[in-house]
Amino acid sequence: MTDTEFDLTDLPELETESFHPIKSSQLQSKDAPDHAPRILLLYGSLRKRSFSRLAVLEAQRILEQLGAQTRIFTPSGLPLPDDAEPDHPKVQELRELMMWSEGQVWCSPERHGSMTGIMKSMIDWVPLSVGAVRPTQGKTLALMQVCGGSQSFNALNQMRVLGRWMRMITIPNQSSVPKAFLEFNADGRMKPSSMYDRIVDVMEELMKFTHLTRGHAEYLTDRYSERKENAEELSRRVNQKQAC
């Protein structure tokens, strides 16, 4: 994969001299996938002017400039967990995108000191395993939150725990946007600021970690306890056949 060439006409906030291509050649082994990294973005609000959605749209623009393929899941219409069957169209859409992705971005508003129920519901619809495949294990994850008031990290901290539970490789950097209603123009674009710069930082880091780990995620997340459990299950199946 060649390094990205930029067309920054839609990103006037970026300083061209400081915004560098991802040097994927320095991060990939010869066996790494040669397609553009596949990044899924989730946001946790259904408001018409959702600042988590607007932040995700800015993140998407940056990721695409850095060479990613991106998809955004729209949570509108997703039923509450266990209030519908897993074959519900929105549930299937979410699970298919989870399988498609190699990395993800989660962005939630902070509501009552925590991530939103909408954000949690999306993750609750994704089981730790679908058949023999774990939909999220080994995928990279970047976290962002938007705040109605002063800067807080409660939603970020909760999502970081959740990402670990989903066995994802959660990058160290993160973004929290205080008083988000002041950070976006009437047309929904984010104003130049240190808050915007941090989102750029987080997306750069996500891309680097994704290049570094994809193609190796299965090995990186291979666990002794799971290999042992699988061996014991195999032994039981073999013994059952012998007994018959």
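Helix α1 crosses helix α5 in a right-handed sense. Keep in mind that this is a predicted model.

**How α1 and α5 sit together**

- Two packed helices are described by the angle between their axes and the distance between the axes.
- For this pair, α1 covers residues 51–65 and α5 covers residues 194–213, and their axes come within 10 Å.
- The crossing angle is roughly 50°, so α1 counts as oblique to α5.

**Who touches whom**

- On the α1 side, the contact is made by Glu58, Ala59, Ile62 and Leu63.
- Across from them, α5 brings in Tyr196, Ile199, Val200, Met203, Leu206 and Met207.
- Sorted by class, the α1–α5 contact has 9 nonpolar residues, no polar ones and 1 charged one. Glu58 is the charged residue here.

**The fold in outline**

- The protein chain has 7 helices and 5 strands.
- Walk along the sequence and you get the pattern β-α-β-α-β-α-β-α-β-α-α-α.
- Take the contacts between residues at least 6 apart in sequence: 77% of them join residues at least 24 apart.

- The protein chain runs to 244 residues, and 46% of them count as buried.

Note on methods: Residues numbered from 1 in each chain as written. Predicted model: local features only at pLDDT ≥ 70, side-chain atom pairs only at ≥ 80, totals over all residues. Heavy atoms only, no water. Axes fitted to C-alpha atoms, helices over the stretch in contact; angles between N-to-C directions. Helix = DSSP H or I, 4+ residues; strand = E, 2+ residues; numbered from the N terminus. Parallel < 35°, antiparallel > 145°, perpendicular 65-115°, else oblique. Left-handed = near helix turned anticlockwise from the far one by under 90°. Contact = heavy atoms within 4.5 Å. Buried < 20%, exposed > 50% of the residue type's maximum accessible area, 1.4 Å probe, protein only.
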